[in-house]
Structures are given as C-alpha cells and as structure tokens.
Amino acid sequence: MTDAPDLPQFQQLVCSGGGTRCCWQGGWLDEVRDVIGLEPERISAVSGGALTAAGFITRRGRTVLDTMCDAFRELDSNVDPHELAEGAGLTAHQRLYREIVSDVFDRGATREVADGPLFQVLIGHPPTGALATLSATAATLAYEAELHLIGSPHFDWAERVGVTYSRVDGRKAAREGRLVDLICAAAVIPPLFDLARWEGQEVIDGGMADQAPLPHPSAGNSLILLTRDYPDIPVIDGRLYVSPSEETEADKIDFTDPEKITRAWDQGEVDGRAFLAHHGRETATD
C-alpha cells in the first residue's frame with residue numbers, strides 16, 4: 001500500500017442527508033474505511049445520514065441495505081390512503097422506515113452505538129412564536145427552493161425564517177433505549193411524515209438547517225460525505241467533501257424499488273475504489 005501525503009487521518013466524519021440516496025454513502029464507506037483506517041473520534045449526521053452513520057459505527061451498513069431491499073419489495077406504491085386515514089402521514093414511509101431501523105438496531109447494535117465514538121444527530125424544529133404561521137410544510141418548500149438556489153450544502157435561510165435545530169447525543173439516546181426513535185425523528189419530512197417530537201419539541205428534518213453539520217465542538221480533519229453534487233462546495237482547510245461521481249438512481253423518497261438503492265450502494269463502492277486509486281491506495285482485493 002502506498003501512503004498518500006494528501007490524504008490525512010480523519011478525526012471527524014459527517015454524513016449528510018438524502019433519503020435513500022444515503023445508500024451511496026454506505027457503499028462508499030464499506031469500500032474505503034478499512035483501507036484508509038477510517039476510525040473517527042467524532043461523527044455527526046443529519047436526516048437519512050443518521051442511519052448511515054449508525055450503520056458505520058456498528059459495521060451494519062450492508063445489513064441496512066439488505067433490510068431495506070426486503071422491505072421495499074413489499075411496497076407497490078409510495079402513497080397509502082389507508083395510512084393517511086389512520087394519521088400515519090401521506091405515505092407508508094414513516095411506518096416502514098421505523099420497521100427497518102428497528103430490525104437492524106437490536107439490543108446488541110444499540111449497545112455498540114452507546115459505547116462508540118461521539119455521535120451527534122442534527123434535528124430541526126419548525127418555526128414558533130411570531131413566525132409560527134410558517135408551517136412545517138411551508139418550511140420544507142422554502143428549504144427545497146433554497147437548496148437549488150444557493151447550490152451549497154450549508155445555508156443560513158433557516159435562521160431567517162425561524163427554523164431552529166438541536167444536536168442530539170446519539171450515544172445517550174442509545175443508552176436510554178431511544179436510538180430508533182432518534183434515527184426516525186431525524187428523517188421527518190413534512191407533509192410526507194407526521195411531525196415527531198423530541199424532548200417536548202416538534203421535529204422536522206435537520207437537513208433544512210444544514211446538510212453537512214460538523215460535530216460540536218469540531219476539531220481536526222473532517223471527511224464529509226454528501227449524496228448529491230453541489231455547484232458551490234466550500235474549500236476549507238481541514239475539510240474534504242466527497243460526493244457521488246454522478247447522480248444516483250435512488251430517488252430520495254421512493255421506497256418501491258430495491259434495485260435502485262442497490263445500484264446506489266454499488267455506485268458508492270465504485271466511487272470508493274476511484275477515490276482510493278486517486279489517492280494511491282489499494283483495496284484489499286487489488
């Protein structure tokens with residue numbers, strides 16, 4: 001193996017959101033982590049990236065993928081009027097996502113998260129007070145517009161419209177038996193999902209505040225895994241942003257096609273090998 005002076009050790013790992021596109025992150029990490037000795041001291045995640053990060057900590061990324069594929073084969077449509085009538089949101093996503101997370105993160109996996117590296121999950125909160133008329137749904141629409149206008153994983157629109165956020169200690173949640181609740185709360189996208197609550201506050205997708213939140217406090221080199229390309233990725237010392245080489249086939253909220261998420265994982269592996277080659281590293285099979 002050839003050492004690459006331009007590839008430092010990473011003390012921090014950040015997993016951005018992206019729904020089922022986060023399967024790309026899982027494939028990338030599965031291919032790269034052992035080759036470069038990726039053992040971060042601090043991990044932060046947002047939205048679907050929380051599931052990727054928990055899978056990374058427990059080395060159950062492939063199990064996450066397989067469990068998703070099995071569940072998605074049972075779903076013919078993303079819209080279930082029966083669940084809507086029962087107050088479960090517009091889609092089957094919320095119920096199915098919880099089932100997937102619960103299946104993967106049993107007592108043993110939860111204990112591994114509790115005993116693992118610092119793990120923070122960013123969750124958002126809809127506007128309150130004078131700005132409460134901007135509903136969670138309206139905040140989602142504003143976020144989507146800002147995401148495409150600014151072209152960066154980091155933005156400041158949330159503060160201007162009253163969306164706030166919290167960093168939740170994932171290890172503490174695991175110790176309290178609330179890891180599944182936290183991972184599921186992190187991925188709430190109104191109006192597709194019913195709003196969750198955490199510590200008495202309503203919760204929306206934390207990606208509306210920042211798509212790539214660094215741990216707090218932050219120190220050392222950060223590897224930041226995105227799930228889409230942004231035209232304006234910042235160049236900052238100590239940060240390495242990595243994104244898919246091309247748009248993944250997986251659609252952010254499509255839970256009906258297991259083949260698409262499998263191909264997103266496979267694309268992550270291919271991009272991971274390209275990353276290693278670029279930095280003069282060899283995979284275990286080379």
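This is a predicted model: local features need pLDDT of at least 70, side-chain atom pairs count only at pLDDT 80 or more; totals for chains, interfaces and linings use all residues.
Local features require pLDDT of at least 70, side-chain atom pairs count only at pLDDT 80 or more, and totals for chains, interfaces and linings use all residues. Residues are numbered from 1 along each chain as its sequence is written, and side-chain values use heavy atoms, with hydrogens and water left out.

Helices (H or I, at least four residues) and strands (E, at least two) are DSSP runs, numbered from the N terminus. Strand β2 covers residues 42-46. Five of its five residues are buried (under 20% relative accessible area, with exposed over 50% and partly exposed in between; 1.4 Å probe, protein chains only). Strand β2 is therefore largely enclosed by the rest of the structure. In a regular strand, side chains alternate between the two faces of the sheet. Arg42, Ser44 and Val46 point one way from β2, while Ile43 and Ala45 point the other way.

Strands pair if DSSP finds at least two bridges between them. Strand β1 (residues 12-15) runs parallel to β2 and is joined to it by four bridges. Here Leu13 stands opposite Ile43. From β1 the chain passes through α1 to β2, in a right-handed β-α-β crossover. Right-handed means that, with the strands pointing away from the viewer, the path from the first strand over the helix to the second runs clockwise. Strand β3 (residues 118-125) also pairs with β2, in the parallel sense, over five bridges. Arg42 stands opposite Leu118 in β3.

Helix α2 spans residues 49-58. Ten of its ten residues are buried, so α2 is largely enclosed by the rest of the structure. Among them are Leu51, Phe56 and Ile57. Arg59 follows α2 and has a positive phi, near 55°.

Two aromatic pairs were found in the whole structure. Rings of Phe, Tyr and Trp (its six-membered ring) pair if their centres lie within 6.5 Å; planes under 30 degrees apart count as stacked, over 60 as edge-to-face and the rest as tilted. Trp24 and Trp28 have ring centres 6.5 Å apart and planes at 35°, so this pair is tilted. Both belong to helix α1 (residues 23-36), where being four residues apart separates them by about one helical turn. Trp24 is buried at 0% relative accessible area, and Trp28 is buried at 1%. Ring pairs link Trp24, Trp28 and Phe275 into a cluster.

Glu269 lies in helix α11 (residues 258-278). Glu269 is buried, with a relative accessible area of 15%. Its contacts (heavy atoms within 4.5 Å) include Trp28 and Arg62, not counting residues up to four places away in sequence.
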